Amino acid sequence: MSVLDKMCSRRGVLKGLLAGGVMVTAPCLHAGTRSPVTLTDIAERQVYFDRPISRLLLGDGTLAYVMALLKPEDPFGDVIGWGDNFRAADLDGYQAYRDRFPDIDNIPSFSGRTVDAIDSEFALSLEPDVVVMNLSSRPAVESSGLMHALAQVGIPMVFVDFRTRIFGNTARSIHLLGDLLGQQARAVEFLHFRQEQISRVTEPLKHLRTKPSVMIERAAGLYDDCCLTYGDGNFGELVTAAGGENLGTRFLHGMFGTLHPEQVIESDPDVVLVTGANWSLYSPLGDWVGLGPGADLAQGQQSLKRLMARPAYRLLSAVKTGRVHAIWHPFYDNPYHFIALQRIAKWLHPELFAALDPEATFAELHERFLPVSYQPGYWLSLDGEIS
């Protein structure tokens, strides 16, 4: 390596920055680079890569679900930092992966509740080759200065999206990460399976005439307030694709928001759906529905009954008829959301989808693509149905 290359190496620049050294220009960062690659991310940004990717900083811990999908033999070996919300927002899932890959406890983490918690100095100290962020985090990383700090030293930031427009952006995001990780063939194989499973719902619904109204409560029991919900994206998008009329879309002008209990009572939805997970690290005493691999579904049903005793729900027709269900919250921001699509469609149109088995689909996904074994526990119903 020449003297110029040593001076302009990315690690040399990072060490200089952290020690208070002077900033070098972008052309120097690329001195001696061969075969550069430019990719277009989900934010329609041209992102330049001048070397192979082997050190990833995940701006959101839930991107671990994608790593497991694309690199099942060693999903986290190249991850040098991530948000702690993989563990805190899905403790059962995290423990399943920790049993298989004990070293994940040693990966440096930061608060996953806000992207502003990713301190620029902390990010630079990890010396990543790339920082992968969710598209919804773009305003935060721009305002916090993180994007600017990384750009100054030539560390690319890539935006993907599994939560904002899940049907529009998931396939592109999987292809993008497949390119970054050198797993293009696996990305294509998964996306083929995903489309097959989506079509099993969308094809029978083409001639649907009636759509039940659905109230989705986001993270029910995790907060004191009622009722957080989804607008026309995310789980709201899943409900619409599953042949339902999402109540939040009627009242909200965005992806997330809160409905007043009186709006829920007046609307009297046909179906109530709440999201849940093991949130004992967030709210140990909360009345959330604990869902995830190996979850105690009997305990979850008791929590769901208590949630339906709140003023917004206790007089609803859906509660009286038992059309109340709970589903794993992390479906909302990972590429496995087609499993939720099948489960919701079967709840909304049980006769039309009598032969559809979401449990079997999820088990097949694990067997073909994931490094951990499938364990039931991702959904339940008020009437006692758990599959």
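Predicted model: local features only at pLDDT ≥ 70, side-chain atom pairs only at ≥ 80, totals over all residues.
**The parallel sheet**

Five strands, in the order β5-β4-β3-β6-β7, make up an open sheet with parallel pairing. Strands β5 (109–110) and β7 are at its edges and each has a single partner strand, so one side of each is left without a neighbour in the sheet.

Strand β3 (residues 56–58) is joined to β6 by three bridges, and the two run parallel. Within this pair, Leu58 is placed opposite Val132 of β6.

**Helices α10 and α11**

Helix α10 lies across β3, β6 and β7, and runs at about 145° to β7. Helix α10 (residues 166–181) also packs with helix α11 (residues 184–202); the angle is about 160° and the axes are 7 Å apart. Angles over 145 degrees count as roughly antiparallel, and α10 and α11 are therefore roughly antiparallel to each other. Their crossing is right-handed.

On the α10 side, the contact is made by Ile166, Phe167, Thr170, Ala171, Ile174, His175, Gly178 and Asp179. The α11 side contributes Gln184, Ala187, Val188, Phe190, Leu191, Arg194 and Ile198. By type, nine residues of this contact are nonpolar, four are polar and two are charged.

**The mixed sheet**

A further open sheet has five strands in the order β10-β8-β12-β13-β14, and its pairing is mixed. Its edge strands are β10 (245–246) and β14 (379–381), each of which pairs on one side only. Strands β13 (residues 324–328) and β14 run antiparallel and are joined by three bridges. In that pair, His325 has Ser381 of β14 as its bridge partner. Helix α15 (residues 297–307) packs on this sheet and touches β12 (271–276), β13 and β14. The direction of α15 makes about 55° with that of β14.

**Strand pairs**

The pairs described above are set out below.

| Strand pair | Bridges | Direction |
|---|---|---|
| β3 and β6 | three bridges | parallel |
| β13 and β14 | three bridges | antiparallel |

Methods. Residues numbered from 1 in each chain as written. Heavy atoms only, no water. Axes fitted to C-alpha atoms, helices over the stretch in contact; angles between N-to-C directions. Helix = DSSP H or I, 4+ residues; strand = E, 2+ residues; numbered from the N terminus. Parallel < 35°, antiparallel > 145°, perpendicular 65-115°, else oblique. Left-handed = near helix turned anticlockwise from the far one by under 90°. Contact = heavy atoms within 4.5 Å. Nonpolar A, V, L, I, M, F, W, Y, C, P; charged D, E, K, R; others polar. Pairing = 2+ DSSP bridges.
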